[in-house]
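I opened this notebook to record how the chains of the model meet. The structure is placed below for reference.

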Amino acid sequence: MPELDSIASLEARREEVAFTLARYRTVVTMCGGTACQACGCQPVARAMTREVMAQGLEETVYVRTTGCHGFCEQGPLVIIDPGGIVYVHVTPEDVPEIVAQTIRKGKVIERLSYTDPVSDKTVQAEDEIPFYTRQKRLLLGENRHIAPRDIDDYIARGGYSALAKALDSMTPEAVVEEIERSGLQGRGGGGYPTGKKWRQCRNASGDARYVICNADEGDPGDYMDRSLLEGNPHSIIEGMIIGAFAVGARHGYIYVRKEYPLAVVNAGVAIRQAQALRLLGEDILGTGFDFDIQVVRGGGAFVCGESTALMASLEGKVGEPRPKDIHTVERGYLGQPTVLNNVETWANVPSIIRHGADWFASQGTERSKGTKIFALTGQVKNTGLIEVEMGTTLREIIYDIGGGPKNGREIKAVQTGGPSGGCLPTSQFDLPVDFDALYEAGSMMGSGGMVVMDDSSCMVDVAKYFLAFLQDESCGKCTPCRLGVGRLLEIVTDISEGRGSLDQLDLLEDLSWTISVASLCALGKTAPNPVLSTLKYFRDEYLDHIENKRCAAGVCRALIRLVIDSTLCDRCGKCIANCPHKAITGSRDTSYAIDDELCTRCRICADACEQHAILVR
Amino acid sequence: MDLSRLEEILDSKGSETFAIMEVLQDVQEAYRYISEEAIVRISERLDVPVIEVFRLANFYKAFSLTPRGRHLITVCAGTACHVQGAPRLLDTVLALLNTKPGETTADGAFTVETVNCLGACALAPVVVIDGKYYDHMTPGKVRALLEDIRFEDELAEDEDEEEVEAEANA
Amino acid sequence: MPEPITIFVDDIAIETTEGANVLDAALRAGICIPNLCYLPEVTPTGACRVCIVEVERHGRTKMTAACTLEAREGMIVRAHSEPVLRARRNIVELLLAEAPESPVLQALAERLSVTDVRYSRRDRDCILCGRCVAACAEVAKQGSLGMIGRGANRHKGLPFYKEEYCTQCNECHDRCPLELSPSGRRGDHCGVCGSELSMNDAIPDICEDCVLS
């Protein structure tokens, strides 16, 4: 590839790419994110390429495998343009028909179309799917147009034009001002103003400056950063180059979880492509600006999402946070001024520079600007990655985009913000998505996890789940987090096992307060949130466990028993065969019984029973 | 133990501050664990105290100080998987293989681990076996998968034995 | 040379230098901030959080450990406010539950009026304060001991738990709060903090004139 040694050469290449793409009459887009790969998109993609070749259509049909579109549950997805005809749950066997009918004749194959679970209607075009229409997909929407390992796809979408603009016509100071004016806030959880962070770094004294992309997305239930880095790595790279130009950095790092192998590879490929075109390295676009990026694989520690722990890890040390009385913008990686932003924050930077701060600031609420990506999961009809304008209410997200509860159950809570966030009840569902509003309600935006829970979830169990997670993931260095979270878990476990007392609720609150004020890092300071928010909004569930020794959701194992309803049981033997603990006895001639001593209440038998004869008491 | 691969990894390491992390990742991949010998050698070559290398190997989940099994079973314990039945999957796997999370079966065949989130939440609950994702898992499906793996292993062993016998006969 | 500056701890002006350790500066000025993991001769880690204080910055108050706090001109620190005392008591209560027989922890609890421990006792032989690790690395210059693992599994140990890595210099044992007895003179301690408990051998007699009494 010829190097791009000037801004004009970038524009020339853009025209060239557009010309090449315009040759194709039809574009077939296949989602190839981690989730789609898990449901078998690769065989479909191979079959599609083979079939297009076999039919001699390779001159006019372009087959593109992209990153995640967000609608993972419906994968593998195939979209055919023009027209945006979308097919869901496609198998390799469907491919010849798709090519023969839809690509050749423009006919829609109804059986492959999406059926909206709310209206029960078939939807043919992608932009008519309710899951998408209620969103504002500024970042995620791009994934669909880009093969992540093809830099030309990104360039065709206007990629690197923001970089060209910054290098060509803006001073570093003007870039910082633009980001400040846009009101962009850190998408990793804290919501710290990005422009302010950049300015502090720019003003700090040091021998060198660094920019880092935090892709150590560790919150259980989150995967927006993974999808962006997998699907559109160049947008993050472009954001980082602009950031480096603004603060005066020469080196940047993308610290990415090892558990995200596809993101590691795609980021690495994208960096090499950008280097080959001289969009990274020395004398970028012939402007004299030098900057390069390396990908670093994280070792698998949730705490490394904390900025000082991440930097310790980058320095080859154990990921223990250090006190942040002096911020990392002044003393970060190797003791030098460092800007650390998460993936989604970096991905927002190019469009702000390209379209201007006013464009960005015109979206969202008074206090939170732009859009936010969430991983909508749990007990709703439509799950997947969604992007909404700040200010959208939780209710709109859960009922309009998510399609409401599944299986005729009733939604009772949404957990936002991961282990640092909290559980909000339905009475809070009119809250807008806004950093301050969520914080004031006792939860937080976090990096964007949104797990919907219905009446089959027990909130005491949810608190216990997060505490167990945090106890494991705490680095263990400071007393309040290591011992305090452990004691919270001990108390909540007591309650979930019927040994709780009312005094313990006061102790939970007192200890939670201590952990939140006295812990060394943000992991500890926010660790009590799941307990505090469930205590605040679901106190009656705690009381039920303590006073009545009852878990209404039937989740807490010590408080439930499994029994076999002999009137429903047809003695098929499936429960006996499936019970891992050999707790069920009986034969075809006698009635079945569950031995309470051996039974662990795992309910594997209940899942196996087709007669629904195993009841939770 | 053959340490030549370790020396190669050390020879090709970069000069960055995080080189030690990269070395440990590569050693883990090459040997399926990080041995005492490897830790001592890394300490010598990178001029980092043994305790620091030992601490790194203990701190990060990516590293294992005992050999992992031939098959790695990862049960996702993320929030979405948790509320959709991951604990039951884990129970099933552990009971079937008679092992504990993070440990390897006595025959060295399976290591069972949990991971906090694989980012495939829309497919919850998810189990990964030898790098392949299995979505919407149930205890029954997991049991069938494990039985398949055991069966294939036995077939492979039989073939090996047949080969040995054939060679002996020849 | 660091700039000479003034900071205010519990409304008392203290002359110190820019970037100085606030705990050290306060102790030297005779203001006793109870502490546990801090050793004057090694790099502070802020692990135990007993020396927690409130500091005002840009009009906001936040809590942080005094031992890792760097002094800045005009800094306002409160070491004995109601929230600070509440947090400190709760932290000491957590520690005492780990090792209820430790004379040092008992004395610390007594000094902070922690009478009731609301958790089950555990009788551990280590509270993971990290003094031994710091002593091994920075006093003995051995770097053999380390904190291994994370979360609830964190423990101190030698590489591969092998004694051969230890030179038996004893610098660690000499500083272990669970092996020490309060060194001071009982009956000769200040009403607020009690000098015998600070365990800062490098700064002797800090409490005799404790202005807070």
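The entries below record what I looked up at two interfaces.

Entry 1, conventions. I worked on a predicted model, in which local features need pLDDT of at least 70 and side-chain atom pairs count only at pLDDT 80 or more, while totals for chains, interfaces and linings use all residues. I noted that residues are numbered from 1 along each chain as its sequence is written, that chains are lettered from A and ligands numbered from 1 in the order in which they are written, and that side-chain values use heavy atoms, with hydrogens and water left out.

Entry 2, chains A and B. I found 64 residues of chain A in contact with 41 residues of chain B (heavy atoms within 4.5 Å). The two chains bury about 4,200 Å², of which 54% is on carbon and sulfur atoms (accessible area, 1.4 Å probe, lost on being put together and summed over both parts). On the chain A side, Arg297(A), Val318(A) and Tyr465(A) lose the most area to chain B, together 15% of what that side buries. I looked up the salt bridges and recorded seven (a side-chain nitrogen of Lys or Arg within 4 Å of a carboxyl oxygen of Asp or Glu). Arg297(A) also forms a salt bridge with Glu29(B), with the closest N and O atoms 3.7 Å apart.

Chain B and chain C bury about 1,100 Å², 66% of it on carbon and sulfur atoms. I found one salt bridge here: Glu36(B) pairs with Lys162(C), the closest N and O atoms being 2.6 Å apart.
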